[in-house]
Amino acid sequence: MGLKCPGARTDAFFVYTVVDASAAFASLNSKHEPSLLRSGTNNRHPVQLPASQPSPAGAFDQLFVSHFIDSFFGTPRPSLPVPGGSSRIWLHELPEFLASPSPSPVQSSIRAASMLSYGTAVGDASLKTEACRWYLRALQSLRLLLSHDGPLRSSSESLVCAAVMLVHFETLAGTSPRAWLKHVKGAASLLEGQGPERCRTGFLHQIFSHLRLQTFVAAMANNELHPFASPQWTTIPFETHPKLIFDRLVDILFAAQRCLSIASRLITSKTEQRNLLCHELNLVIQDARLQIHQWRSEALSYASRKDGRQNQEASEPVADDHLMTSSDPFHFMLPYNDVASAALVTLYDAANVILLRLLCLVSPEAASYTMRVQQHSESILSAHAMIKTSSTSVPGRSSIMLVQQLKTVALWSPSSRQREVAVQMLQGQTNQNRGFADISAPSNEYFAHVAAYILNNYSVD
């Protein structure tokens, strides 16, 4: 017919079959070859389908879950496994939870989040509507289950997984303001109830490692220090499986949060308490900066092994005093060339921005780090621009990874230009992901009052 073949269809679609009971036909004989039409007569009628047809629901669930898992990584895959890492992570357990024969909120929550992710990617409004229905079912069943005083029929693993999947649903859907934060707190509370010892192995360890960054963000939204920043929660869950490079980066973020908590008390303290709080803040800042230096060396070493070459800077020891007082604004910068590395490096940049600005409260040398703070801030802005134009990034989810970093620049950068650009990027992010509207909007959260105090009293513009 001269028509161009469009190729195989890659998105999800539903095929409806209706059998007319009034037009009963003899079932196909097993020895006859199946045919769509009865031949040999003037009137052609469709052959009756067998009464029992396999349901396509399982196949669609697999499609949605597979897309959801892939959306966390994008097209590129690391060529070298993370040192000490496992080939299996919490995402790989989702199909098993979904296939469980016993009904549980986790099944509805996995369907809701994965269906919404796929529907958003392919622009299918009907899928997104159906995902919302599954979300409501998950909410109702989870609330009912948690309201019982007796022992829970569902395992602790499935309950935590259900709450985490609701977090991911809300980060895309944004059904109500701060809904994703409530789910993060709920999931974290479930883990706290299990205790750090239960999070040393298995699925609880995997999901705990994943949830830590989200709990950090949730605590920042409330200007508080999260319990996961405590020594027992930063050590006991990693006794069996040592920390990966990402886990140690989250440790640094919690260390920065501890500094912010002390700084918040310092700027409102009375004169007799200021000296004590200044001393305490100075100690925790130096400890956090030492962790940053150690993490940077590890990141450079990992990057050199991944590229198949030895990095001289990573292998040669450098005096701590020189590192802490280096005037080279590029000395502490780290490169990135894809979505995954950009997400890690910009979290490192954000921690540096916060800690170096907090030095203004305790050190007369803080002004010497202004250029470096601006360089870390520029790294975050450049990463957002790179991800936005990258053809290999996953729409929506990739840019989510930089929301917290952009918020840091919008509040903490000493450059008014950088703060304005970050706010514009956050506003664009709000249009893409309604779940982060509260982060994007100006507020007194995320220790904004500490940032404003430093900006007003130690301005460089």
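Trainee: Cys-132 first. What is its relative accessible area?

Mentor: Cys-132 comes out at 33%, so it is partly exposed. Buried means under 20% relative accessible area, exposed over 50%, and partly exposed in between, using a 1.4 Å probe and protein chains only. This is a predicted model: local features need pLDDT of at least 70, side-chain atom pairs count only at pLDDT 80 or more, and totals for chains, interfaces and linings use all residues. Residues are numbered from 1 along each chain as its sequence is written, and side-chain values use heavy atoms, leaving out hydrogens and water.

Trainee: And Cys-278, what's its relative accessibility?

Mentor: 21%, so Cys-278 counts as partly exposed.

Trainee: How many disulfides?

Mentor: Zero disulfides. The rule asks for a pair of cysteine sulfur atoms within 2.5 Å.

Trainee: Switching to the fold. How many helices and strands?

Mentor: The chain has 19 helices and zero strands. Both are DSSP runs, numbered from the N terminus: H or I with at least four residues for helices, E with at least two for strands.

Trainee: What share of the residues is buried?

Mentor: 47% of the 461 residues.

Trainee: Now charges. How many salt bridges?

Mentor: Nine. Each needs a side-chain nitrogen of Lys or Arg within 4 Å of a carboxyl oxygen of Asp or Glu.

Trainee: What does Glu-130 pair with?

Mentor: Arg-133, at 2.8 Å, N to O. Glu-130 is partly exposed at 24%. Arg-133 is partly exposed too, at 42%.

Trainee: What about Arg-212? Which residue does it bridge to?

Mentor: Asp-251, with the closest N and O atoms 2.4 Å apart. Arg-212 sits in helix H7 (residues 202–221) and Asp-251 in helix H9 (residues 245–266), so the pair ties together parts 39 residues apart in sequence.

Trainee: Is that pair buried or exposed?

Mentor: Arg-212 and Asp-251 are both buried.

Trainee: Which residues make up the salt-bridge network with them?

Mentor: Lys-243 joins Arg-212 and Asp-251 in that network.

Trainee: Last one. Where does Glu-298 find its partner, and how far apart are the atoms?

Mentor: The partner is Arg-248, with the closest N and O atoms 2.6 Å apart. Glu-298 is in helix H10 (residues 271–306) and Arg-248 in helix H9, 50 residues apart, so this pair links distant parts of the chain. Glu-298 is partly exposed at 25%, and Arg-248 is partly exposed at 30%.
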